[in-house]
Amino acid sequence: MKAFMDENFLLDTECAQKLYHNFAKPMPILDYHCHINPKEIAENKQFKNMTEVWLGADHYKWRQMRSNGVDEYYITGGAPDREKFQKWAQTLEKLIGNPLYHWSHLELKRYFGYNGHLSGETAEEVWQLCNEKLKKPEMSARGLIRQSGVALICTTDDPIDTLKWHEKIKEDTSFDTIVLPAWRPDKTVNAEKAEFPEYVKKLAQAGGTTIATFEDFKKAILNRLDYFHERGCLVSDHGLDYVMYVPAPPTEIETIFKKALAGVSLTFDETAKYKTALLTFLGKQYHRMGWVMQLHYGCKRDNNQAMFEELGPDTGFDCISNYTPAAQLTGFLNNLATAGELPKTILYSLNPADNAIIGTILGCFQDSVAAGKLQQGSAWWFNDHKNGMTEQMTSLASLGILSNFTGMLTDSRSFLSYTRHEYFRRILCGLIGGWVENGEYPYDEAALEKIIRGICYNNAISYFGFAL
């Protein structure tokens, strides 16, 4: 029987162990997509206890607590922090086979030096140990970033954001990690939402202009794109139900936009036409500026209406969607490619059934602009576990070039989540090490070092064009 999560955790072969310890482990972390709050980095937030740093905004954990029959009072409600932690500990001990079990214990080991296992019985011991350590300066937001070896972070930012916290971080020469904004324009895209007219007003104010037409709207967006670009942004990101392609003439788009601006409900077809027009416009701008376009899709959000009304979005009530039409995705990409304006693009589907579809779509639009101009993104959200990551990388290797993969990201709101990169790297090395041990690839140390270091860090630097 192997020891619990020892130094060779998930590294089942001698080759895997060599690849991880010699090549993967020493590499810095590049977290090019996360939901960390830049204000907390700028102010170097110190966390008061484990509930705040661990459970405060983690809907992964909230879902499992609900699945364990825990009352909402102990999850997002007003229960004392110690009691919330106890309920999480009692849930965690049941999560055999769940990535949260591994993530949580990696975090306890790496940041708090705790090598036991958290359960209802050990909760008080862990609570006391971790809370005492959280008082130390090295456990602040910046301290956790430093000790994790993070070279660069891209946050997730709305077009109307002032980016003042990014400016403050940049001005502080005592902090070496680069923190850049990433453009997340979902509120400009979601014209079917009731809040769209009010958002358009805020966008106009942010750009010091007025918006009455779709052309005005695009000019206001261009203003904000330039604002972000001047502050180092090189990455866009979209959260979509699916990638649509329903083209319509400009006059029809103008009519649809004015209808949405007036607060009139759009039909499904009108929504698709508007989103096609705006996403096409944005894609062309990303190409012009040399940005990377990330498309996250395949999620059906806010399924529990009562809980959505009580808690709002991103609280653990989303699921995988099986409506991700390949024909529309390829139509969208083809339209940009035909115009010579397809940017570097990363595709993430929440539906693992789309792995092979994405793998074959990538090959349709590659060119010499970059190695792997079109990428399949890392296994995402409900898939960032051992099986999901292994399936995603195996599919990519089978249908594309795994060696060009831009690797892992946290997609997290937690400063403790950088151990997810360790988890990914162990799985990566276990996978490739297994192929070598099985005679499917030679033990060419120089070639393997280049592949592992590339996927862990170097590929992303080259692909995004970050100056490090």
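Modeller: Arg426 counts as buried, with a relative accessibility of 2%. The model is a predicted one.

Biologist: Why is Arg426 called buried?

Modeller: The label buried applies under 20% relative accessible area. Arg426 has 2%, so Arg426 is buried. Arg426 lies in helix H19, residues 419-437. Beyond neighbours within four places in sequence, the contacts of Arg426 are Asp6, Glu7, Asn8, Phe9, Leu10, Leu11, Tyr20 and Arg110.

Biologist: What makes Thr406 buried or exposed?

Modeller: Thr406 has a relative accessible area of 2%. The cut-off for buried is under 20%, so Thr406 is buried. Thr406 sits in the loop between helix H18 (386-399) and H19. Residues up to four places away in sequence aside, Thr406 touches Tyr32, Ile346, Gln375, Ile455, Asn459, Ala460 and Tyr463.

Biologist: Where is Ile153, and what makes Ile153 buried or exposed?

Modeller: Ile153 is in strand S2, residues 150-154. The relative accessible area of Ile153 is 0%, and buried means under 20%, so Ile153 is buried. Apart from neighbours within four places in sequence, Ile153 is in contact with Asp31, Cys34, Ile41, Ile145, Thr177, Ile178, Val179, Leu180 and Tyr418. Ile153 and Ile36 are 117 residues apart in sequence, while their C-alpha atoms are 8.7 Å apart in space.

Biologist: How do you know that Lys2 and Asp12 form a salt bridge?

Modeller: The closest N and O atoms of Lys2 and Asp12 are 2.9 Å apart. The rule asks for a side-chain nitrogen of Lys or Arg within 4 Å of a carboxyl oxygen of Asp or Glu, so the pair qualifies. Lys2 and Asp12 are both in the segment before helix H1 (14-24), 10 residues apart. Both Lys2 and Asp12 are exposed. By this rule the count comes to 26 salt bridges.

Biologist: Why are Lys284 and Glu341 called a salt bridge?

Modeller: Their side chains meet at 3.6 Å, N to O. The limit is within 4 Å, so Lys284 and Glu341 meet the rule. Lys284 is in helix H14 (residues 268-289), and Glu341 is in the loop between helix H16 (326-338) and S8, 57 residues away.

Biologist: What makes Lys284 and Glu341 partly exposed?

Modeller: Partly exposed is what lies between buried, under 20%, and exposed, over 50%. Lys284 has a relative accessible area of 27%, so Lys284 is partly exposed. Glu341 has 25% and therefore gets that label too.

Biologist: Which residues are linked with Glu52 in a network of salt bridges?

Modeller: The network holds Glu40, Lys45 and Glu52. Within it, the side chains of Glu52 and Lys45 meet at 3.1 Å, N to O. Glu52 has 25% relative accessibility and counts as partly exposed. Lys45, at 25%, also counts as partly exposed.

Biologist: Why do the buried residues of H11 line one face of the helix?

Modeller: Those residues are Phe196, Pro197, Tyr199, Val200, Leu203 and Ala204. Seen down the axis of H11, they fall within an arc of 155°, so they line one face. Their cover includes helix H10 (186-189), helix H12 (214-230), helix H13 (250-261) and H14.

Biologist: What makes S4 and S9 the edge strands?

Modeller: The open sheet has 4 strands in the order S4-S5-S8-S9, with parallel pairing. Strand S4 (235-239) and strand S9 (374-376) each pair on one side only. The twist averages 20° from one strand to the next.

Biologist: How do you know that S8 and S9 pair?

Modeller: Pairing needs at least two bridges, and 3 bridges join strand S8 (residues 344-349) to S9, so S8 and S9 pair. Leu347 stands opposite Gln376 in S9. Helix H17 (residues 355-362) packs on the sheet, touching strand S5 (292-297), S8 and S9. The direction of H17 makes about 165° with that of S9.

Notes: Residues numbered from 1 in each chain as written. Predicted model: local features only at pLDDT ≥ 70, side-chain atom pairs only at ≥ 80, totals over all residues. Heavy atoms only, no water. Axes fitted to C-alpha atoms, helices over the stretch in contact; angles between N-to-C directions. Contact = heavy atoms within 4.5 Å. Buried < 20%, exposed > 50% of the residue type's maximum accessible area, 1.4 Å probe, protein only. Arc of directions from axis to C-beta.
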